[in-house]
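Please look through the sequence and the 3D structure shown below, and then follow the paragraphs from the strands to the helices and on to the aromatic rings.

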Amino acid sequence: MPILNGSVLKQVTLRQVTIDVPEWGGSVILRELTGAERSELMVDTIQLQGVLAARANMTPEAARRALALAAEIVKRTWIDETGAPAVQEASELLSAPWHVLFRLATEAMILSKMVPSAIEAEKKI
């Protein structure tokens with residue numbers, strides 16, 4: 001196996017997945033988060049997973065924070081066919097149906113290995 005240097009980082013491509021969104025009549029492309037993005041969002045994402053797991057105890061403020069975080073995750077990961085961001089501001093996504101927004105955010109978190117089930121699945125490979 002060859003010894004690599006830092007130039008390999010310029011060649012790395014982030015994994016992508018295409019998600020059907022029948023509510024919108026098409027599909028969107030999501031990319032995994034970069035290491036820096038993942039670090040920025042990690043604490044909030046753990047809190048989001050807790051909020052979603054305890055829906056019975058969700059306060060209006062927790063729901064707003066969860067929705068804002070989901071919008072931020074989708075904004076960072078939704079790309080067009082060229083790899084350019086499809087959305088410029090997370091606030092643009094707040095008018096989307098909440099279930100679509102959470103589904104896309106969940107798919108992005110799975111792709112970025114930010115969900116325990118995704119981490120466990122990779123260990124089995």
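Strands β2 and β3 pair in the antiparallel sense over two bridges, where two strands count as paired if DSSP finds at least two bridges between them, and where helices (H or I, at least four residues) and strands (E, at least two) are DSSP runs, numbered from the N terminus. In this part of the sheet, L30 stands opposite W78 in β3. The model is a predicted one, in which local features need pLDDT of at least 70 and side-chain atom pairs count only at pLDDT 80 or more, while totals for chains, interfaces and linings use all residues. Residues are numbered from 1 along each chain as its sequence is written, and side-chain values use heavy atoms, with hydrogens and water left out.

The other strand pairing is that of β1 and β2, which run antiparallel and are joined by six bridges. Here D20 stands opposite S27 in β2, and in the hairpin of these two strands, which has four residues between them, G25 takes a positive phi near 75°. Taken together, the three strands form an open sheet with the order β1-β2-β3 and antiparallel pairing. Because β1 and β3 stand at the edges, each with a single partner strand, one side of each is left without a neighbour in the sheet. As background, strands of a sheet pair through backbone hydrogen bonds, either parallel or antiparallel.

How do the elements of the protein chain run from the N terminus on? They follow the pattern β-β-α-α-β-α-α, and the secondary structure comes to four helices and three strands. Among contacts (heavy atoms within 4.5 Å) between residues at least 6 apart in sequence, 60% join residues at least 24 apart. Buried residues make up 34% of the 125 residues in the protein chain, where buried means under 20% relative accessible area, exposed over 50%, and partly exposed in between, with a 1.4 Å probe and protein chains only.

Turning to the helices, α2 covers residues 60-77, with T77 found in this helix. At 1.5 Å a residue, the 18 residues of α2 should span 26 Å, and its end C-alpha atoms are 26 Å apart, which agrees; the expected span is 1.5 Å times one less than the number of residues. The buried residues of α2 include A62, A66, L69, I73 and V74. T77 counts as buried because its relative accessibility is 0%, and, not counting residues up to four places away in sequence, T77 touches I29, L30, R31, L33 and A108. R76, also found in helix α2, is buried with a relative accessible area of 18%. Leaving out residues up to four places away in sequence, R76 touches R31, L33, E37, E40 and L41.

Helix α3 lies across β1 and β2, running at about 160° to β1; for such angles, axes are lines fitted to C-alpha atoms, for helices over the stretch in contact, and angles run from 0 to 180 degrees between N-to-C directions. The 14 residues of α3 should span 20 Å at 1.5 Å a residue, and its end C-alpha atoms are 20 Å apart, which agrees. V100, L101, F102, L104, A105, A108, M109 and L111 are the buried residues of α3, and just after this helix K113 takes a positive phi of about 55°.

How many aromatic pairs does a search of the whole structure find? The search finds two, where rings of Phe, Tyr and Trp (its six-membered ring) pair if their centres lie within 6.5 Å, and planes under 30 degrees apart count as stacked, over 60 as edge-to-face and the rest as tilted. W24 and W78 form a stacked pair, at 5.6 Å centre to centre and with 15° between the planes. This pair links distant parts of the chain, since W24 is in the loop between β1 (16-21) and β2 (26-31), W78 is in strand β3 (residues 78-79), and the two are 54 residues apart. W24 counts as partly exposed, at 36% relative accessibility, whereas W78 counts as buried, at 17%.

W98 and F102 form an edge-to-face pair, at 6.2 Å centre to centre and with 70° between the planes. Because they are four residues apart in helix α3 (residues 98-111), W98 and F102 are separated by about one helical turn. W98 is exposed, with a relative accessible area of 58%, while F102 is buried, with a relative accessible area of 14%.
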